[in-house]
Structures are given as C-alpha cells and as structure tokens.
Amino acid sequence: MFSRILIANRGEIALRIIRAAKSMGIEAVCVYSKADADGSWLRLADETVCIGEAPSADSYLRIDRIISAAEVTSSDAIHPGYGFLAENAQFAEVCRDSGFAFIGPSPEAMGLLGDKVSCKNLARKAGTPIFPGTEDAIDELDEAVEMAELIGYPVIVKAAAGGGGRGMRIARDEQELRAGVISARQEAEAAFGDGRVYVEKFLEQARHFEIQCIGDSHGNAVHLYERDCTTQRRHQKLIEEAPAPHVDPERRDQVAASAAELIRQANYSGAATVEFLMDREQNFFMLEVNTRVQVEHPVSELISGVDVVAEQIRVAAGEPLSITQDQISVNGHAIECRINAEDPDRGFMPQAGLIECWRPPGGLGVRLDSHATAGYRIPPNYDSMIGKLIVHGPDRATAIARMKVALEEFEVGPIKTTIPLHRRLMDHPDFVSADFDIHYVERWLEDPSVATKA
Ligand code: ADP
C-alpha cells in the first residue's frame, strides 16, 4: 500500500481524499495555489506545497509543478480528484512515467472510454444500451442524413472528443442537420483538435440515470447501483439521489450489470460512472463514461456502505476490490444537495468573498462534505461549489424529511448560496413525486407557477 498520496486538487474533494487516506493509515500531501493558502483542508494535510498563482492554468493544471511536488515530498501516488486534470490521459501517463501511481484508470482505458465513438463501440459489445445512431464518426454529410431518416428526427450531432457540451447540435430536419454537422465539426476541431462527429437519436424528455462502477487490475468490476441526477440546471446537477425513484428493479439490475461489464471489458481499474438518459418507458441510452470519482459519489456510499475513494486507492495500489457484487445491496435512500456560492435570484451569479456565518446542520443520517468554515474567504478563481449536504434514511420520504430539517438548520451568510433554492425544491411537486425530466428546474425558474401539478 502507498505511504503518501499527493492530492492534485482543492476544496471539498481534497478534504474527502485526505479523510480516506488517513483512515487507511496513509499520509496526505496537498498542493495549493496562492488563492488557497488559507484553505482549511491544508491544515489536515501532512505536508503542503504551493504550486503557483491563483489561476488554475498557473497551478492546479500545471503538470510539471505537480510532478515536482510529488518528487520533493516523496509521495508515491497522485489522486487527481475531479475536474482539473482528472480526465487528462496525458497527466495519467506522465504520472506513470515519472514513477507515481495515478489514482485512476490507465491512460489507455481513459482514452478508450473518453472517446465517445470508441466508448459506444465497446458498449455495443458489452451489451450496454446506447442511442441508435451512426456506428462511427461520419465522413460524408449524406451518411448523417441517411441515419437521421432511419432513426427519425430529432437527432443530435455530437463530437467524439466532446466534453462540456461543446460540439453538440440538435437537428429537427435535414437542413438543420447538414448545417449542424458542419458547425459541430468546426467547434470540435477548435475545442479539441479533433473534428470527428457522429449522429444519434435525440431524446426530448428524459431523466438522468447513472451507474457507479469500480474496477480493479485483477479483472473484477462491480457496480454500486444507480443515482438519479435529473434535478439539474443547464446541465449542471443540483440534486442527486440513490436509488433512482420508480425504476423497475429488474431493468435497473440489467443496466447496472451491463455498465460493470463495460468497465471490465475496458480493463478499467478505478472508479467510473456510466451515464444514461432514461425515457418515460424506462428505456436506457448511454450518454458517456466519466473516468473519475464524481461529485455525487457520497449518495452511492450511503446506500451501499462502500467507501468509493478508499476503493480507488486500493485498486490503484494493485490490490483487488475489497467487495464482490453479491456483497453489495441497496440500503435505504440518500439525497445530496450541492451547496453552491451562487445567487439564484441573480442568474446564479457566483459569490466570492467572506463567509461570516456558517452554521452547519447535523443529526441522524446527515453528512456534510465541505471545506468551508466561518471566516473562510471564497476565492473567485474556482468552482462555486462550497459543500455537499447529504442525507440518508430508510426510504425516500424520510430522506426528503431529513433533508428539509438539515436545510432549515443550515445557515450561511452574508454570501448567497443555493440553500434557499434547495429548500424550495424539497417541496416542489415534481421533485416530491419524482415525475420529472432534466429540464423541469429550468421551466420552473422561468415560471414558478408551473410547479403546481400536485
Ligand atoms: P459532454 O461530454 O459534452 O457533457 P454529454 O454526452 O454528456 O456531453 O451530453 C451532455 C448533455 O447533453 C447530456 O447531459 C444531455 O442532457 C444532453 N444530451 C446528450 N446526448 C443526448 C441525446 N442523444 N438526447 C438528448 N439529450 C442528449
């Protein structure tokens, strides 16, 4: 097992990794930027190294400085967290070539699953349900048109190298499709240096459903069942829960097993999430595979009892997974609310500055993963998420009730956060009934009177 892990990240996920490492008897080293010099998580690290200025391009994205920091601190592994360099295959390769274990998949597995075309092809073999569409990147515009006629409009043009929603175009007729292929190619070429695009069916009304998987280097892969992340705004998840409400258990088990099989076929070691959209008839279509630990991993931990970050560390050290599939079952219901320093009344404008008041909630089934404290000054340079409030209960109704109490207790000021929004969402009829799709929050924010269905 490792003796020292360097954490190439910041904030709540750095804290999460420190906690996992320490609980395994491993020391934690943190790199940080000048903007984070007062970060509360740094006080818990065994050693810290400043790697540069506030902009992430000058610090958290500097591969050379992170590797130097690992060398001078005699670390033996590097955990990338999420965001920053977590899904950068070149970083994984440099870590390996420099003699540090990368706590994540091999660059080969990351490349295979990170490319949407090769990922879809592997999914086809593993029996993971995918969207109907072109098998490979399209060469000729006519190929796109033929496929669209076969599967029916609307369709979506997507970039093989896509990420962050770039290189995507929805097309409702042939004219839009021809224009969409050309502009998606240009955008993908500019953003990723890779203009390959493909076409698949576009689903209008869907829920977001994802399977947490973990694989090891001994050919094992398990899943920790699913999460529902339908409560989002502009493709940013706001609330995640596990298990997904009202999903046929047999169908769910099949999809989960197929996701684990996909990971196994990719020779994948580490945590991965296979994301799907689900239609009203409970058909599933794979969106993509995220090759990192995700923000919402705690809900899966609470229902399964598995420490996802500890398993990541274990398998990166070459050990087998500590659990087998038949030891994993769903226990109760968990919900996570992302606490962002944003002002929902002003277009979700990010709020940097001093947190004067920070009164966190507590009690049975309440978990708070956060680096924030009273007196913490939120730097303007990074993501606005300052914590995650997660609750667990025997069933969904109890989890919602506990979340409501926790959100009532939670006081943060004077900066604005998403806490008041979450309080309202916990009473939203579409959330309570879980009769929703990924655009319900947007529709409701535009016109609050639509939340009167119940
Ligand atoms: P990226 O990697 O750029 O984030 P994704 O493949 O994850 O791209 O897609 C981003 C979002 O676009 C999804 O969360 C989903 O809301 C929407 N989307 C992607 N593909 C489809 C599709 N075939 N039908 C409907 N919506 C889609």
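## Helix α2 against helix α3

Helix α2 passes α3 in a right-handed crossing. A crossing is right-handed if the near helix is turned clockwise from the far one by less than a right angle, and left-handed if anticlockwise. The model is predicted: local features need pLDDT of at least 70, side-chain atom pairs count only at pLDDT 80 or more, and totals for chains, interfaces and linings use all residues. Residues are numbered from 1 along each chain as its sequence is written, and side-chain values use heavy atoms, with hydrogens and water left out.

Helix α2 covers residues 63-72 and helix α3 covers residues 89-97. Their axes come within 11 Å and cross at roughly 30°. That makes α2 roughly parallel to α3 (angles under 35 degrees; over 145 is roughly antiparallel, 65 to 115 roughly perpendicular, the rest oblique). Axes are lines fitted to C-alpha atoms, for helices over the stretch in contact, and angles run from 0 to 180 degrees between N-to-C directions. Helices (H or I, at least four residues) and strands (E, at least two) are DSSP runs, numbered from the N terminus.

On the α2 side, I63, I66 and I67 make the contact. They meet Q90, F91, V94 and C95 of α3. Contact means heavy atoms within 4.5 Å. By class, the contact of α2 with α3 has 6 nonpolar residues, 1 polar and no charged. Nonpolar covers Ala, Val, Leu, Ile, Met, Phe, Trp, Tyr, Cys and Pro; charged covers Asp, Glu, Lys and Arg; the others, Gly among them, are polar.

## Helix α1 against helix α10

Helix α1 (residues 11-23) packs with helix α10 (residues 308-316) at an angle of about 65°. The two axes lie 9 Å apart. The crossing of α1 past α10 is right-handed.

From α1, the contact uses R16, I17, A20 and A21. From α10, V308, V309, A310 and I313 take part. The contact of α1 with α10 divides into 7 nonpolar residues, 1 charged and no polar.

## Salt bridges

The structure holds 39 salt bridges. Each is a side-chain nitrogen of Lys or Arg within 4 Å of a carboxyl oxygen of Asp or Glu. One of them joins the side chains of R178 and E174, at 2.9 Å from N to O. Both residues lie in helix α7 (residues 174-192), 4 residues apart, about one turn of the helix. R178 is partly exposed, at a relative accessible area of 28%. E174 is partly exposed too, at 33%. Buried means under 20% relative accessible area, exposed over 50%, partly exposed in between (1.4 Å probe, protein chains only).

A salt bridge also links R207 and D228, with the closest N and O atoms 3.1 Å apart. R207 lies in strand β9 (residues 207-215) and D228 in strand β10 (residues 221-233), so the pair ties together parts that are 21 residues apart in sequence. Both R207 and D228 are buried. R252 and D253 form a further salt bridge, the closest N and O atoms being 2.9 Å apart. R252 counts as buried at 14% relative accessibility, whereas D253 is partly exposed at 35%. Salt bridges that share partners also join E210, R227, K237, E240, E275, E296 and R338 into one network.

D36 sits in the loop between β2 (27-33) and β3 (47-52). At 2% relative accessibility, D36 counts as buried. Leaving aside neighbours within four places in sequence, D36 is in contact with R10, W41, L42, Y60, Y376, P379 and Y382. D36 and A184 are 148 residues apart in sequence, and their C-alpha atoms are 37 Å apart in space.

S269 lies in the loop between α8 (249-265) and β12 (270-278). S269 is buried, with a relative accessible area of 14%. Beyond neighbours within four places in sequence, S269 is in contact with G104, P105, G215, D216, S217 and V315. I415 is placed in the loop between β22 (411-413) and α12 (419-425). I415 is buried at 9% relative accessible area. With neighbours within four places in sequence left aside, the contacts of I415 are A341, Q351, A352, G353, L354, I355, I378 and I386. The C-alpha atoms of I415 and P350 are separated by 9.6 Å, and the two residues are 65 residues apart along the chain.
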